[in-house]
Structure formats: structure tokens, C-alpha cells
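Please read the points alongside the sequence and the model.

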Amino acid sequence: MFKKSFFLLPLFIFPLLSFSQISEILPPNFIKTITFKGSTNQAQLPVLRLGEPFSLEFDALTGNEEDFYYKIEYFNFDWTPSQLVKGEYLKGIDNMRIINYQNSLNTFQIYSHYDLNIPNQQTRGLLKSGNYMITIYDDYDEVMFSRKFMVVENIVSVGVQPKRTRNFETINEKQIVNIKINSGNINLNNPLETIKTLIIQNNNLKTAISNLIPQFTVGKELLYRYDDEASFWAGNEYLNFESKNVRAANLGIQFIDLQDLYHSYLFKQISRKERPYTWNPDINGNFLINAIGVNNLDIQADYTEIHFTLMSEQISGKDVHVYGNFNNFSVEDMTRMYYNNESGNYECIIKLKQGFYNYKFVTVDNDGFVDEGAISGNFWQTENNYKVLVYYRNLGGRYDRLIGFGEANSERITN
């Protein structure tokens, strides 16, 4: 009869990485609605199975049918350059032109919709699991934008359990994530050195927690039971609106106005930080393109000018931004809100394709720190999505395999 072993490993916490060793490049203003599509239709963080086809889609609002090209690169766990040469991780060739595009039809905003499918005739597939970056550039070799994505081979099972923090100072504002990795029939050599983990809240790589080591082993299981080191600010449910009908006010929209394009004015919002938590279903910051009365969303959904308004006194020393996955959770000039002294409100106008969108208001200080709870608040009851990625580099290995993926949400969070 086998006896279950329980070992307490020495607790050494490696410093958390500044996770983006290489950063994604933001697109210019005329590139909009960048969307990965794999096994889901949501424009979220792409975690793809090895061998699974996927597509990258975007719109160019110039109307010039410009030529765009793509390049795929492979990276280590910490997004430093890999030792692998292209032929080791890519079957076929890249640096090819995107040949699938269509022009918009019956829209006020003229645009061309580009659709890159992989595999295709030139790029026949990806050979390794791990971290990838896809870069889009134009005829002049000028980079338009780049996006990260991950490819996983499911070798180990990953259990994910969000819980309320045990730290009494932040017990009402934070959530922690417990992890259990079961290696099954695979022998993971020296997991303290060879296993790397990444915890992602709401598909936002910019706030990910990385490089926690296992605390315990129970047979074939690696257990992570951190508190502060694996804690996230819980935030609040995202606000939302739906612009599927440009000619009528929909969810979250107070009224519309037709100028050069349709303008949608959202209901004015207030700070929720000091207000009680209220459950409101959301899609955790993501967006979904949707329009009524059209046959092809790719080219018949129109663009509208969305007017955001936050009723607030001016916040000294900090900028206020609109925040969400509509631009990959980036803080840029497009999302910055300006204070209107006459109305006493923060205001911002963003051009977005018809659809259902989540957003929230955040503050950004002079150092670039994004505080998601400064306006929305942090509540332990908030429903958040958590993804855990498990990387493995065997002793003497040359690259980091992504061997496991787990996912859970905090809808039924426990203490």
C-alpha cells in the first residue's frame, strides 16, 4: 500500500519579473479592431492549442487597400529572445503579404478588413508550444503593431482556485489564486528550477504575476498556496455598452447623433469606489463585434464615435483613461480623458466598431502606474477570470515549453 508523501519545500520566492521584456507595439490611429480568433469568438488573450488554426483580423481605416505583411517570432517564458532559429518553431515561411482583405460595404466609415489565417500556403503551422509574437508591417517595413499569443500542449493538468485573501489589511479588496499542477505520468525534473508559472487576471498580460515556485509536493502534485505573492486587486465589474444599432440608443447609450459618422453618447458615470458593490454581468473587459441587419460583420459593421463621460472633480497629479481590451488594455492618447471645466466632467471620444464593449475608468500617475481601483473601487466579491500557464524547460533544454493551462473565475469565491 502506497503512502502519500507530503514534503515542505524550502520557501524561496524569486523576485517577480517585469514581465514584458519585449513590449507589444501599439497600432496607429487608422488601425482598429485587432482581434484574435481561435476556438472562441471573443477578442481576448489568445491561448491556442498546438496545431489549432487561428486568425488575426484588423481594420485599416484609410480606404487605400494597403499591403500589409506579417512576421512570427518565438520567445522564452520571460519574453526574452529564444535561442531557436525560425525553422525550429515555424513550418513554412513568414514575411509574407496578407492576401485576404475586403472593403467595407454600406458604411459611413470607409475601411478595409484584413484577415490573416494560420496555417496557410506559406505558413503551414507552428511546431513548438510557448510564447509567440506576431508583427504586422507595411510596404515601407514600418511596424504597424505587434501582439503576443501563446501556444499550449496539454501535458499536465492545472487546477485553479480563486479565493479571498487572508491578509486582513486587504481582505475586502483583494483575491488570491491557488494552483495545483498534476504531472500525471510525466516526470518533472527539479520543479523548483524547471517549472515556471504565469497567472493572468481578465486576459491582461500587463498585470500578470509570474515566476512563483511550488511550495509543496503531494505525490505527483505541485501545490501553490501563496497569499500576498499571488494576490490581485479584485477591482469592480466592468461597465458596458452596446452599439449594435447605430440609429437607436442601445444598452448603456443615452442618445445618438448623426454627423460625419454616428455619435453615441453614453450615460454619464460616477466614481464607484465609495459605493457598495453591485453585481453586474460582464465579459471581463473584452469586446464582441455585433451589428443588427447585416450579413457580414467584418465589412458591414460601421464605426461610431463613442462619447465617454465621468462626473468627477479634477484629480490632481494623475491622468484619467478609458480602459479595456478594445485596445489590449493599453494606456495611450486615444484613451486619455480631458477635464471640461465648463461641465465639471472628464470627457473622451473613441472611434469603435459596432459591438458590445466592456470598459472602466482608471488613473495613471507620472510613472505610468495604472490604478484600476482608484475610480471603480476594489471589492472581493467581483467576478474575475483567472488563467494559469505552466512552462517547463528540462535540464539542458533550449526553450520553454508551455505544457499546461488552467482557468477559473471567482463567481463563487470562498474564503
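1. Strand β26 (residues 319–323) is largely enclosed by the rest of the structure, because 4 of its 5 residues are buried. Buried means under 20% relative accessible area, with a 1.4 Å probe and protein chains only; strands are DSSP runs of E, at least two residues long, numbered from the N terminus.

2. The model is predicted: local features need pLDDT of at least 70, side-chain atom pairs count only at pLDDT 80 or more, and totals for chains, interfaces and linings use all residues. Residues are numbered from 1 along each chain as its sequence is written, and side-chain values use heavy atoms, with hydrogens and water left out.

3. Strand β26 runs antiparallel to β29 (residues 355–364), to which 5 bridges join it. An antiparallel pairing over 2 bridges also links β26 with β27 (residues 336–340). Strands pair if DSSP finds at least two bridges between them. V320 stands opposite T363 in β29 and opposite M337 in β27.

4. The second largest pocket holds about 330 Å³ of space. Its lining comprises 14 residues, and L239, Q269, R272, T278 and N280 lie nearest its centre. Strands β20 (239–242) and β23 (269–270) each give two or more residues to this lining.

5. F36 belongs to strand β2 (residues 31–37). F36 counts as buried because its relative accessibility is 6%. From C-alpha to C-alpha, F36 and Y111 are 19 Å apart in space, and they are 75 residues apart in sequence.

How values were computed. Buried < 20%, exposed > 50% of the residue type's maximum accessible area, 1.4 Å probe, protein only. 1 Å grid on protein atoms, 1.4 Å probe; cavity = no way out; pocket = protein on both sides within 12 Å on 5 of 7 lines; lining within 4 Å. Points joined across faces, edges and corners; volume = space filled by probe spheres on them.
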